[in-house]
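Hello,

Here is the structure I said I would pass on. My notes on it follow below.

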Amino acid sequence: MPEPVLALEAVTLLAPEGRAVFRGLDWRMERGARFQARGGAGGGCTALLRLCAGIAEPDSGRVVLDGTALEAGVPHPFLQRGHLGWVPSDGGLAVNLSLLQNVALPLQFAQNLGQAAAERTAMAWLEQAGLGPQARNRPAVPGDRESWVASLARAAAKGSRLWLVDRPAGGLDADSIQAAEHILGHAAQDPDVSILLVGGAWMPSLGVELTIGNGRVFSGREP
Amino acid sequence: MPVRWACGVGAKVRHAFALLGSVWWLLGKCVRSGLRLSREQRRVVLAVTRIQIRFTALDALPLCVLTALLLGGITLLQVFAQLSAFGAERHISQILAQLVIRELGPLMVGILVISRSGTAMATEMASRMLSGELDSLYVSGVDPIPYLLVPRLLGGVISVFSLVIVFDTVALLGGFLVAWLRLPVSFGFFLGALGEAIGRRELTATFLKCIVFGIAIPLVCTSFGLRVRRSTTEIPQAVTKASVVSLAVLLLAGAILSVLIYA
């Protein structure tokens, strides 16, 4: 069996109030897998993404990313190389940097690209995302939706191998949907790239439907 | 009652050691990350360090100059009143130089840096923690320790050092201005007396204090900012604790260094 890019092994995650978001969850994601996760509010979609990225630490069990377990305080080579495309609801961009700097920074820091080359690549992706004219603005100027799209551009620019994409805060308009479809479609052309997209009814052709709820994760709709 | 009191003291001591341990751990991480930077990462870190220096040192310059000028003049007036009672006015520049260079300069600059930049660093880190920005940076391949903390430490040391030089110079000039108004002293005499008063020990003490304060202030303040976890109401608490603890560290470290060097 090929090594999965991501594996959750007997993971239990408790909410701050003590409720189990996941209990003893075993789930794996093969290389090249594409999932569209669905679930109600508080069902655990965002929690699953945060677990997979190592941002949320499981109360028990472990998360194995690209063959190496994620451990708190220990740098993970997959993350250090910038192979994870993390796109949270609000975009997760640095508020004191322009969109261009936000997209270019991981290229410089994780992939050792020179500033000029990093900014060229960043600009090319921002233009493809329809954010070229906004590139010199900070994330607060264009707004949440554009920040989320810029975050997609950041994941694309650094050639992410695993994409963890949350649903955008405040929804998407037609232009943003087009940009997101274009960027994710481009990423999906690479058979080794794995994508876990929460929501994404606007891109029905992406991959297998995944239902998250009642502390479980399973393919297809809830039985 | 005594048991409860002892438990309270024990908890505070344990808390203080835990804080010391976490700050020490953070310093170790900063040093290790700083030494392992690649060429391109170094460029990014230096760019952020330049911004930090501009905020901590350059923007603080007017306040630093004003404080130094007033403090130099006022200190001289007070010292002059005491010395003239013994007819020892001619030692005024030596006493002023030793007071300013040994103690007042580093201490006042430390207080200025805590109040302007330390609190800003704690607030910034706390806000970034709460908004998930630090997590996003980390999982996107940008480790926040070399990207955010190392520049603050470097910027802190360089800024404190530069501000202390400016502070000492302006405070001594302010002192000379007041002395010149009251005594028949020339600038040459004043400079000559300063040269006698400033020795290797004074320079070593100033240098060591600049390094210790420049590292301790950003480290303590960012450490408190990074402890914020759940809500925005934690931010003012973290900022207050950061400024109080860094002030205590400043006074304690200054006193220890002075005792070690001059006692």
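I start with helix α7(B), where F187(B), G188(B), G192(B), G195(B) and E196(B) are exposed on one side. Please keep in mind that this is a predicted model. The buried residues of α7(B), which spans residues 187-197 of chain B, are F190(B), A193(B) and A197(B). Their arc around the axis is only 65°, so they sit on the same side of α7(B).

Next, a helix pair in chain A. Helix α3 (residues 99-109) and helix α4 (residues 115-128) of chain A have axes that come within 8 Å and cross at roughly 125°. The two helices, α3(A) and α4(A), are therefore oblique to each other, and the crossing is right-handed. On α3(A), the contact is made by L99(A), L100(A), V103(A), A104(A), L107(A) and Q108(A). Residues of α4(A) in this contact include A118(A), M123(A), W125(A) and L126(A). By type, the contact of α3(A) with α4(A) has 10 nonpolar, 3 polar and 1 charged residues.

Last, the contact between the chains. Chain A gives 25 residues to it and chain B gives 17 residues. On the side of chain A that touches chain B, α2 (77-80), β6 (84-87) and α3 each give two or more residues. The largest share of that side, 4 residues, comes from α3(A). The side of chain A that touches chain B divides into 14 nonpolar, 8 polar and 3 charged residues.

Regards

Key. Residues are numbered from 1 along each chain as its sequence is written. Chains are lettered from A and ligands numbered from 1 in the order in which they are written. This is a predicted model: local features need pLDDT of at least 70, side-chain atom pairs count only at pLDDT 80 or more; totals for chains, interfaces and linings use all residues. Axes are lines fitted to C-alpha atoms, for helices over the stretch in contact, and angles run from 0 to 180 degrees between N-to-C directions. Angles under 35 degrees count as roughly parallel, over 145 as roughly antiparallel, 65 to 115 as roughly perpendicular and the rest as oblique. A crossing is left-handed if the near helix is turned anticlockwise from the far one by less than a right angle, and right-handed if clockwise. Two residues are in contact if their C-beta atoms, placed from the backbone, lie within 7 Å. Ala, Val, Leu, Ile, Met, Phe, Trp, Tyr, Cys and Pro count as nonpolar, Asp, Glu, Lys and Arg as charged, and the others, Gly among them, as polar. A residue is buried if 20 or more other C-beta atoms lie within 10 Å of its own, exposed if 12 or fewer, and partly exposed in between; C-beta atoms are placed from the backbone. The arc is that of the directions from the helix axis to the C-beta atoms.
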